[in-house]
Amino acid sequence: SALFHGKLQELSKKFPFGSQKQKEFTFTGLHIKQQDDFSITVDQQQYIKDIQPISLSRARRVQQEDVVNEKERQSLRGLIGSLLYGAVNSRPDLCARLGWLQSQVNKAKIATLLEANRILHEAKEHSSVSLRIQPIAVDDLRFVAFSDASFASEKVQDSHQGMIVMAAHRNIGHNQRSPINPICWHSKKIQRVAVSTLSAEAMALAGAVEIGRASCRERV
């Protein structure tokens with residue numbers, strides 16, 4: 001609209017822009033496109049495809065219980081960092097496995113490196129996954145938060161939590177179909193001791209509600 005372009009000109013006087021693009025462009029690895037219905041999709045297909053796996057010799061791959069050396073640990077950190085950039089911007093589906101992978105860095109084995117490469121392979125298989133941001137009238141806007149947690153097990157000693165905060169239409173409060181727009185999400189180890197599945201889920205929910213409140217304050 002004319003109002004939008006007028007505000008953009010005012011902003012450019014204070015913060016001079018470089019190149020300007022409309023409808024479809026790539027910015028810091030994020031491919032952003034506005035559709036005909038004015039929804040916006042965000043993906044990192046090319047960015048994910050360009051990430052390189054950890055290189056391991058055939059002899060090293062069969063030594064799965066061996067502890068990694070420092071060079072291999074640095075390669076693991078590099079791969080996690082590259083995948084995290086995708087996970088925090090457009091690929092919430094990667095968060096849970098990356099959260100577990102991060103908790104293994106200091107005690108990583110060759111099996112950990114192989115698992116990291118598997119996660120990368122699956123990320124590339126589904127590299128076309130995108131977020132879709134849909135228009136919602138301000139008066140109909142509501143914020144919702146979902147959370148869950150996994151309790152520590154014999155195999156995984158730490159409890160982990162996951163959450164996602166979304167902007168939605170008010171219909172969601174009446175159990176009706178609603179457009180939803182993901183705002184922020186994470187999956188990570190619970191820093192406090194969880195004595196049961198219920199306590200882990202309660203801590204995850206408390207964290208999600210707090211982040212949801214912060215998101216509302218920032219965006220309203």
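Predicted model: local features only at pLDDT ≥ 70, side-chain atom pairs only at ≥ 80, totals over all residues.
The protein they belong to has seven helices and seven strands.

**Helix 4 with helix 5**

- Helix 4 covers residues 70–89 and helix 5 covers residues 95–103.
- Their axes sit 10 Å apart, and the packing angle is about 150 degrees.
- That angle makes helix 4 roughly antiparallel to helix 5, because anything over 145 degrees counts that way.
- On the helix 4 side, the residues in contact are L76, I80, L83, L84 and A87, and they meet C95, L98, L101 and Q102 of helix 5.
- Sort those contact residues by type and you get eight nonpolar, one polar and no charged.

**Helix 5 with helix 6**

- Helix 5 also has a partner in helix 6, which is made of residues 110–125.
- Here the axes come within 11 Å and cross at roughly 160 degrees.
- Helix 5 and helix 6 are therefore roughly antiparallel to each other.
- This crossing is left-handed.
- Helix 5 brings R97, W100 and L101 to the contact, while helix 6 brings T112, E115, A116, I119 and E122.
- By type, the residues of this contact split into four nonpolar, one polar and three charged.
- If you're tracing L101 of helix 5, look for it in the contact with helix 4 and again in the contact with helix 6.

**The whole protein**

- Starting from the N terminus, the elements go α-β-β-β-α-α-α-α-α-β-β-β-β-α.
- The C-alpha trace spans about 65 × 45 × 35 Å along its principal axes.
- There are 220 residues, and 32% of them count as buried.
- The protein exposes about 14,200 Å², with carbon and sulfur atoms supplying 53% of that area.
- Take the contacts between residues at least 6 apart in sequence: 63% of them join residues at least 24 apart.

**A look at S178**

- You'll find S178 in the loop between strand 6 (160–169) and strand 7 (180–189).
- Is S178 buried or exposed? Its relative accessibility is 18%, so S178 counts as buried, given that the cut-off for buried is under 20%.
- Leaving out residues up to four places away in sequence, S178 touches A168, H169, N171 and I172.
- How far is S178 from L79, going by their C-alpha atoms? The separation is 36 Å, and the two residues are 99 residues apart along the chain.

Technical notes: Residues numbered from 1 in each chain as written. Heavy atoms only, no water. Axes fitted to C-alpha atoms, helices over the stretch in contact; angles between N-to-C directions. Helix = DSSP H or I, 4+ residues; strand = E, 2+ residues; numbered from the N terminus. Parallel < 35°, antiparallel > 145°, perpendicular 65-115°, else oblique. Contact = heavy atoms within 4.5 Å. Nonpolar A, V, L, I, M, F, W, Y, C, P; charged D, E, K, R; others polar. Buried < 20%, exposed > 50% of the residue type's maximum accessible area, 1.4 Å probe, protein only. Areas by Shrake-Rupley, 256 points an atom, 1.4 Å probe, with all protein chains shown as cover. Left-handed = near helix turned anticlockwise from the far one by under 90°.
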